[in-house]
Amino acid sequence: MKLKQLPLEYQKAIPVLKKLENAGYEAYFVGGSVRDILLNQPIHDVDIATSAFPEEIKQLFPKTIDIGIEHGTVLVLENDEQYEITTFRTESTYQDYRRPDHVEFVRSLEEDLKRRDFTINAFALKEDGEIIDLFDGLQDLEEQILRAVGNPHERFHEDALRMMRGLRFVSQLGFKLEEETFYAIKENHELLSKISVERINVEFIKMLLGNERSAGIHAFIETECYICCPGLREEGEALLRFAELPSVPLKEESQAWTLLISQLDLKENEIRSFLKSWKCSNQMIKDVQALVQGLRQRETGVLEPFELYFLGKEHALQVEELMTYFDETPQMDVVEESYDRLPIKSLSELAVDGKILLEESGKKPGKWVSEALQSAEKAVVEQRIENDKKQVLDFLSKEKLI
């Protein structure tokens, strides 16, 4: 097969390939971006594989960075662009199911492609547009089948994360796992316990954000990979409920976690530890906690002014988007207008502050200051009083808070 025209990103990189070829080496575009071209999807990275060894690459290009030279990868800076160039290689056994014990550089493209994960990721592309397909990946692409290269058990023993990558591709592409590949994942799912949670997290979230999320989650359950993921061992039924939700793609990672937690029905005090077990960042945990609380409030009816104020505009809109999964049409304009009508958007906009309260009351500083400000803040947001210094002070006086 030959492509009629290469995308601009590849056209810009052709001089790099030609430089390698003119020096007597083979060089090809490889990786997921070749697959994405064939699927008419945007490409994100331009990866190059070559028969040149790392030191030979460095001799050809004046500006390089050793980003993974022990594995044969050199970052080349050429014409204001950056390209990862990796030497053809074979790999030894994998004692830890994620890193080869030994990497050997070779001159053979076939030896290099044999170690790829799936046939649809094992293409090589020449600068003239010719596709090199040694493992019938084009046919699998046409039939929308996800098949491991060679022996699937060997591929997953080399890097157990490939099983989660496979499930992620099911979700992103809507492809079906080839039977032998499916059973190899199911048989080897326990190997995921050898993989860091951080790496599993990346693939899991991509799976949840895929356009075919339901298919991905079903495969996740059927292969029993969910058993090896934090907090999910006993949650098969909850995951099935998640899979059966409306198929509208999720937009944000925080929304994906929120929707998952809603199906797991975690208590408020369980959310942080669950997300921590997945190695989520503190900011992500904070965002998800706010969204979960907002979603639970929204499920009982329209968000009240103080609930909107507490959530903030961005989170409130994200919560509203999630209502599509609960058989409600999101009222984005209503939420935005309601938020914009709030008299204040933060405590800093309140007509009084702690200093004013101390001056007006003559009292000593203490916990009462923050309690008074919180009461005034809520009263103003709910429009029980105007955001006026005198009205706020009168209100606090009547409430015996100053």
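α11 passes α12 in a right-handed crossing. A crossing is right-handed if the near helix is turned clockwise from the far one by less than a right angle, and left-handed if anticlockwise. Helices here are DSSP runs of H or I with at least four residues, strands are runs of E with at least two, and both are numbered from the N terminus. This is a predicted model: local features need pLDDT of at least 70, side-chain atom pairs count only at pLDDT 80 or more, and totals for chains, interfaces and linings use all residues. Residues are numbered from 1 along each chain as its sequence is written, and side-chain values use heavy atoms, with hydrogens and water left out.

The axes of α11 and α12 (residues 253-264) come within 8 Å and cross at roughly 125°. That makes α11 oblique to α12. Axes are lines fitted to C-alpha atoms, for helices over the stretch in contact, and angles run from 0 to 180 degrees between N-to-C directions. Angles under 35 degrees count as roughly parallel, over 145 as roughly antiparallel, 65 to 115 as roughly perpendicular and the rest as oblique. Ala238, Leu239, Arg241 and Phe242 of α11 make the contact with Ala256, Leu259, Leu260, Gln263 and Leu264 of α12. Contact means heavy atoms within 4.5 Å.

Now take the other pair. α10 and α11 pack at an angle of about 160°, with their axes 9 Å apart. So α10 is roughly antiparallel to α11. Their crossing is left-handed.

Which residues of α10 (residues 213-222) are buried? They are Arg213, Gly216, Ile217, Ala219, Phe220 and Ile221. Buried means under 20% relative accessible area, exposed over 50%, and partly exposed in between (1.4 Å probe, protein chains only). These buried residues pack against α7 (161-173), β11 (176-177), α9 (197-208) and α11 (236-243). Just after α10, glutamate 224 takes a positive phi of about 70°.

## The sheet

An open sheet of seven strands has the order β3-β4-β5-β2-β1-β8-β9, with mixed pairing. β3 (64-68) and β9 (131-132) stand at the edges with a single partner strand each, so one side of each is left without a neighbour in the sheet. Helix α1 (residues 8-22) packs on the sheet and touches β1 (27-30), β2 (47-50), β4 (73-78), β5 (81-87) and β8. The direction of α1 makes about 145° with that of β1. Two strands pair if DSSP finds at least two bridges between them.

| Strand pair | Bridges |
|---|---|
| β1 and β2 | four |
| β1 and β8 | two |
| β3 and β4 | three |
| β4 and β5 | six |
| β8 and β9 | two |

Follow a few partners across the sheet. Threonine 64 has valine 76 in β4 as its bridge partner. Valine 76 stands opposite tyrosine 83 in β5. Tyrosine 28 has alanine 49 in β2 as its bridge partner. Phenylalanine 29 has leucine 125 in β8, and leucine 125 stands opposite isoleucine 131 in β9.

Is strand β4 mostly buried or exposed? Five of the six residues of β4 are buried, so the strand is largely enclosed by the rest of the structure. Both faces of β1 are covered as well: Ala27 and Phe29 on one side and Tyr28 and Val30 on the other are all buried.

## Turns and loops

β4 and β5 form a hairpin with two residues between them, and asparagine 79 in the turn has a positive phi of about 55°. Aspartate 80, in the loop between β4 and β5, has a positive phi of about 65° although it is not a glycine. Aspartate 80 counts as exposed, at 82% relative accessibility. In the hairpin of β3 and β4, glycine 72 takes a positive phi near 90°. Asparagine 40 lies in the loop between α2 (32-38) and β2. Phi of asparagine 40 is near 60°, and asparagine 40 is exposed, with a relative accessible area of 74%.

## The cores

In soluble globular proteins, nonpolar side chains tend to be buried together. A nonpolar core is a set of buried Ala, Val, Leu, Ile, Met, Phe, Trp, Tyr and Cys residues joined through side-chain atoms within 4.5 Å. The largest has 120 residues, and those with the most contacts inside it are Phe29, Phe204, Phe220, Trp257 and Phe274. Helix α19 (residues 367-381) gives the most to this core, with eight residues. A second, separate core of nine residues includes Tyr28, Ala49, Ala124 and Ile132.
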